[in-house]
Amino acid sequence: MKIVAVCGMGIGTSVLLKMNTEKVLRSLGVDADVEAADIGVARGMARDAQIVLTSEEFVPEIGEIDAEVIVINNFFDLDEITEKLKIALD
């Protein structure tokens, strides 16, 4: 499984979201590759991804893709990430 964490620049908040997503996946016992991306390359990176995690503001820029796009309101909130990933993984 491939998950892409997206922010505007791909160097700050997307890396934070990537690290927090990896923590959540470990706690859930789910094996996945999580990559951080900026909005400019997110669409291309999402071609073979199953899930894209991002903030509400970037959803329109990602456009229509096959991956499930999940809006994360607080990239620091492990409970939110856990809750939303559990729903997506079911």
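This is a predicted model: local features need pLDDT of at least 70, side-chain atom pairs count only at pLDDT 80 or more; totals for chains, interfaces and linings use all residues.
Local features need pLDDT of at least 70 and side-chain atom pairs count only at pLDDT 80 or more, while totals for chains, interfaces and linings use all residues. Residues are numbered from 1 along each chain as its sequence is written, and side-chain values use heavy atoms, with hydrogens and water left out. Helices (H or I, at least four residues) and strands (E, at least two) are DSSP runs, numbered from the N terminus.

- Strand β1 covers residues 2-7, and six of its six residues are buried; buried means under 20% relative accessible area, exposed means over 50%, and partly exposed lies in between (1.4 Å probe, protein chains only).
- Strand β2 (residues 33-38) pairs with β1 in the parallel sense over six bridges; two strands pair if DSSP finds at least two bridges between them.
- Strand β3 (residues 51-54) also pairs with β1 in the parallel sense, over three bridges.
- Isoleucine 3 stands opposite valine 34 in β2, and the bridge partner of isoleucine 3 in β3 is isoleucine 51.

**Nonpolar cores**

- A nonpolar core is a set of buried Ala, Val, Leu, Ile, Met, Phe, Trp, Tyr and Cys residues joined through side-chain atoms within 4.5 Å.
- In soluble globular proteins, nonpolar side chains tend to be buried together.
- The largest nonpolar core here has 16 residues, and those with the most contacts inside it are Ile3, Leu17, Ile51, Leu53, Ile70, Ile72 and Leu85.
- Two or more residues of this core come from each of β1, α1, β3 and α4 (78-89).
- Helix α1 gives the most to this core, with four residues.
- Another core, of 11 residues, lies apart from this one and includes Ala37, Ala46, Phe58 and Ile62.
- Leucine 17 is in contact (heavy atoms within 4.5 Å) with Ala5, Leu53, Thr54, Ile72, Phe75 and Ile81, not counting residues up to four places away in sequence.

**Salt bridges**

- The count comes to four salt bridges, each a side-chain nitrogen of Lys or Arg within 4 Å of a carboxyl oxygen of Asp or Glu.
- Lysine 2 and glutamate 35 form a salt bridge in which the closest N and O atoms are 3.8 Å apart.
- Because glutamate 35 lies in strand β2 and lysine 2 in strand β1, this pair ties together parts that are 33 residues apart in sequence.
- Lysine 2 is buried, with a relative accessible area of 13%, whereas glutamate 35 is partly exposed at 29% relative accessibility.
- Lysine 18 and glutamate 22 form a salt bridge with the closest N and O atoms 2.8 Å apart, and both residues lie in helix α1, four residues apart, about one turn of the helix.
- Lysine 18 is partly exposed at 22% relative accessibility, and glutamate 22 is partly exposed with a relative accessible area of 24%.
- Glutamate 80 and lysine 84 meet in a salt bridge (2.8 Å, N to O); the two are about one helical turn apart because they are four residues apart in helix α4.
- Glutamate 80 counts as buried at 11% relative accessibility, and lysine 84 as partly exposed at 24%.
- Salt bridges that share partners join Lys2, Glu35 and Asp48 into one network.

- Asparagine 20 is found in helix α1 (residues 13-28) and counts as buried because its relative accessibility is 6%.
- A polar atom of the side chain of asparagine 20 lies 2.8 Å from the backbone oxygen of phenylalanine 75.
- Leaving aside neighbours within four places in sequence, asparagine 20 is in contact with Phe75, Phe76, Leu78 and Ile81.
- Isoleucine 81 is found in helix α4 and is buried, with a relative accessible area of 0%.
- With neighbours within four places in sequence left aside, isoleucine 81 is in contact with Leu17, Asn20, Thr21, Val24, Ile72 and Phe75.
- Isoleucine 81 and glycine 40 are 41 residues apart in sequence and 23 Å apart in space, C-alpha to C-alpha.

Methods: A polar contact is a pair of N or O atoms within 3.5 Å; within protein, one must be able to donate a hydrogen and the other to accept it, and residues adjacent in sequence count only if both atoms are side-chain atoms.
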